[in-house]
Amino acid sequence: MLGVALTESADDAHLLDAYGTFQAEARQVDPAYAPQTVNTDGWTATQNAWQMLFPVVAVILCFLHGFLKIRDRCRKAVELHRRVWDVYRAATAAEFSARMNAFQAWAAVQTWPTAVGEVLGKLWKRTSEYARAYDHPGCRRTSNMVDRLTNRLYRVLYAHRGLHGHQGSSERRLRGWALLHNFCPYARRAGRPREFHSPAHRLNKKQYHDNWLQNLMISASLGGFSART
């Protein structure tokens, strides 16, 4: 986890500043870092911040977020859930649009609560935004890999009963948690060894010491200089 920052608001200006922290720290690892794509939810300020920091980046709308809005309003509608993911599994943009049209036609003759109908309408309305992913083979079409990390952060915030004190101290607490996450060793796998021992090892492709805590202390004691690997 790079560039953890805490903002007072989720508007364009505050998110631009926060994601700027990520940009700066990512470029400490790779000075030429410039992502081709970024997968985000539908929050406009998030997308605007990324496009301002990385002008050539292509914003890919997360399909998972679209599905979750549907699922949360009708958890027992298994057939509906299956048809949504059938659309996602299309191999091309043309097939994706065709499947979305067929799904819309099927849903139109069903009876849905108003709340479900509203989120279905939003899913269909954003067909072209979801289909943009096919212009970038290999890009992330969902944000589930990020969600796995933020879910852990949510648990930390819940355990601490939210944020207390000043913004600066709260941000340092979150950054401390992220630092521990980056260096704590992965769980062992039965039957086959892991290639990397921690997220930091995977990123840097090396480690200074076999003991994870020693590795963290050495990596973090650079006297104000940035680590370049």
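## Exercises on H81 and other residues

H81 has a relative accessibility of 12% and counts as buried (buried is under 20% relative accessible area, exposed is over 50%, and partly exposed is in between, with a 1.4 Å probe and protein chains only). The model is predicted, so local features need pLDDT of at least 70 and side-chain atom pairs count only at pLDDT 80 or more, while totals for chains, interfaces and linings use all residues. Residues are numbered from 1 along each chain as its sequence is written, and side-chain values use heavy atoms, with hydrogens and water left out.

**Exercise 1. Find the place of H81 and its neighbours.**

Step 1. H81 is placed in helix 4, which covers residues 78-88. Helices are DSSP runs of H or I with at least four residues, numbered from the N terminus.

Step 2. Leaving out residues up to four places away in sequence, H81 is in contact with F67, R71, C74 and R75 (contact means heavy atoms within 4.5 Å).

Step 3. For C74 there is also a distance to read: its backbone oxygen is 2.9 Å from a polar atom of the H81 side chain.

**Exercise 2. How far apart are the N and O atoms of D72 and R71, which meet in a salt bridge?**

Step 1. Start with the rule: a salt bridge is a side-chain nitrogen of Lys or Arg within 4 Å of a carboxyl oxygen of Asp or Glu. The rule gives 9 salt bridges.

Step 2. Between the side chains of R71 and D72, the N to O distance is 2.8 Å.

Step 3. Now look up the accessibility of both partners. D72 has a relative accessible area of 41%, so D72 is partly exposed. R71, at 26%, is partly exposed too.

**Exercise 3. Which residues are joined with D86 into one network of salt bridges?**

Step 1. Take R82 as a partner of D86: their closest N and O atoms are 2.6 Å apart in a salt bridge. R82 and D86 both belong to helix 4 and are 4 residues apart, about one turn of the helix.

Step 2. Classify the pair. The relative accessible area of R82 is 40%, so R82 is partly exposed. D86 is partly exposed because its relative accessibility is 26%.

Step 3. Take R89 as another partner of D86: in this salt bridge the closest N and O atoms are 3.5 Å apart. At 55% relative accessibility, R89 is classed as exposed.

Step 4. Salt bridges with shared partners link E79, R82, R83, D86 and R89 into one network.

**Exercise 4. Is A49 buried or exposed?**

Step 1. Locate A49: this residue is part of helix 2, residues 44-53.

Step 2. The relative accessibility of A49 is 1%, so A49 is buried.

Step 3. List its contacts: apart from residues up to four places away in sequence, A49 touches L15, L16 and Y19.

Step 4. Compare sequence with space for A32. A49 and A32 are separated by 17 residues in sequence and by 19 Å from C-alpha to C-alpha.

**Exercise 5. Where do R161 and K205 lie?**

Step 1. R161 is in the loop between helix 8 (144-159) and helix 9 (167-183). K205 is in the loop between helix 10 (199-204) and helix 11 (212-219).

Step 2. Read phi. R161 has a positive phi, near 60°, and is a residue other than glycine. K205 is not a glycine either, and its phi is positive at about 65°.

Step 3. Classify both residues. R161 is exposed at 57% relative accessibility, and K205 is exposed at 55%.

**Exercise 6. Which residues line the largest cavity?**

Step 1. Searching the whole structure gives 1 cavity of 30 Å³ or more. The largest cavity holds about 30 Å³ of space; grid points are joined across faces, edges and corners, and a volume is the space filled by probe spheres set on the points.

Step 2. The lining consists of I60, L61, F63, Y88, F96, Y130, A133 and R141.

Step 3. Sort the lining by class: 7 nonpolar, no polar and 1 charged. Ala, Val, Leu, Ile, Met, Phe, Trp, Tyr, Cys and Pro count as nonpolar, Asp, Glu, Lys and Arg as charged, and the others, Gly among them, as polar.

Technical notes
Helix = DSSP H or I, 4+ residues; strand = E, 2+ residues; numbered from the N terminus. Polar contact = N/O pair within 3.5 Å; in protein donor to acceptor, adjacent residues only side chain to side chain. 1 Å grid on protein atoms, 1.4 Å probe; cavity = no way out; pocket = protein on both sides within 12 Å on 5 of 7 lines; lining within 4 Å.
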